[in-house]
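I open this notebook to record what I looked up in one structure. The entries follow the order in which I consulted it.

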Amino acid sequence: MTIPRPSARGAALDILLTVEAGGFTDEGLADLASSTLEREDQALAREIVYGTLRRRRMIDAVLEAYLRQPIDALTSLTLILLRLSVYQLRHLDRVPAYAIVSEAVDLAKQRDPQRASLVNAVLRGIADRRKLEPAPSPDDIGLTQSFPDWLIKRWVDRFGAEATLRTCEAINARQPVSIHVGPGVARRDLAESLAAEGFQTRVCGDDLLYVDHATGLFDTQTFHRGWFFAQGPGAACVVDLLNLTPGLSFL
């Protein structure tokens, strides 16, 4: 028997199954680094995992338009396989739709063969947009942006619909990795050191850099020397806003 070669989508499926069972996303993603997947496939698996979780409400609405049975009647494996495939079909454009459908069917045949034909039929319909799907609407931000209605209502009451929509879109947008310059390191020196290891950076704050293509970033000698650590602009901004001074206690 030939053992199928590990794939990014298979890895994403396993991680999402673990999350569905109550596991933690970051633990599953951390295991990718020690897997046999190539770095590019590891990056794709991460994108699929985060994107599927981020867009799940809207993905489920699309699936319900094509399924003949309630979504909760599906096995966890089949449902998650459909979800991650819909995410790729609607939000990733580097892989042709037929290839996404084909690999999903192959995974179904390996893991849940009785439902491979269902996976094939549903995904082909979605790839071809054969049915009317939920459309983006300012009046239904919770659905189209995959946020809970109670949170959308709170934000709309406080900030208005337009600002709420922009906020949701910004949160859902794929963000580059952000790193903070380590103590005693000049930002220019950090950028040059990373460039020598194949990583291009751009400035996003006084002591912050964006790294757009960051696969393998934390395996570099620059990282192991302690020249940077991961930190987002939002977290860095909080520290600045606190205006901490010597002698203060803070939690």
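**Entry 1. Terms and a starting residue.** I take helices (H or I, at least four residues) and strands (E, at least two) as DSSP runs, numbered from the N terminus. On that basis I place A191 in helix α11, residues 187-196. I note that the model is predicted, that local features need pLDDT of at least 70, that side-chain atom pairs count only at pLDDT 80 or more, and that totals for chains, interfaces and linings use all residues. Residues are numbered from 1 along each chain as its sequence is written, and side-chain values use heavy atoms, with hydrogens and water left out.

I next asked which residues A191 touches, not counting residues up to four places away in sequence. They are T201 and L209, where contact means heavy atoms within 4.5 Å. I also looked up A191 and A236: they are 45 residues apart in sequence and 19 Å apart in space, C-alpha to C-alpha.

**Entry 2. The sheet.** I found an open sheet of 4 strands in the order β2-β3-β1-β4, with antiparallel pairing; two strands pair if DSSP finds at least two bridges between them. β2 (201-205) and β4 (228-230) are at the edges with a single partner strand each, so one side of each has no neighbour in the sheet. From one strand to the next, the twist averages 40°. Angles here run from 0 to 180 degrees between N-to-C directions, and axes are lines fitted to C-alpha atoms, for helices over the stretch in contact.

I then examined β2 and β3, which form a hairpin with 2 residues between them. How many bridges join β2 to β3? I count 4, and the two strands run antiparallel.

**Entry 3. Helix pairs.** The axes of α4 (residues 56-66) and α7 (residues 116-127) come within 10 Å and cross at roughly 110°. α4 and α7 are therefore roughly perpendicular to each other; angles under 35 degrees count as roughly parallel, over 145 as roughly antiparallel, 65 to 115 as roughly perpendicular and the rest as oblique. V62, L63 and Y66 of α4 meet V122, G125 and I126 of α7. I sorted the residues of this contact into 5 nonpolar, 1 polar and no charged. In this sorting Ala, Val, Leu, Ile, Met, Phe, Trp, Tyr, Cys and Pro count as nonpolar, Asp, Glu, Lys and Arg as charged, and the others, Gly among them, as polar.

For α5 (residues 76-91) and α6 (residues 97-111), I read axes that come within 10 Å and cross at roughly 170°. α5 and α6 are therefore roughly antiparallel to each other. From α5, L77, L81, S85, Q88 and L89 meet A97, I100, A104, L107, A108 and R111 of α6. This contact divides into 8 nonpolar, 2 polar and 1 charged.

Entry 4. On a 1 Å grid over the protein atoms alone, a cavity is a set of points where a 1.4 Å probe fits but cannot get out, and a pocket is an open set with protein on both sides within 12 Å along at least five of seven lines; lining residues have an atom within 4 Å of a point. Grid points are joined across faces, edges and corners, and a volume is the space filled by probe spheres set on the points.

The largest pocket has a volume of about 1300 Å³. Of its 42 lining residues, the closest to the centre are A43, Q175, V177, D212 and A214. I record α3 as giving the most to this lining, with 10 residues. The lining of the largest pocket divides into 20 nonpolar, 11 polar and 11 charged.

I found 1 cavity of 30 Å³ or more. The largest cavity holds about 40 Å³ of space, and its lining consists of R9, L44, Q88, L92, R94, V95 and I100.
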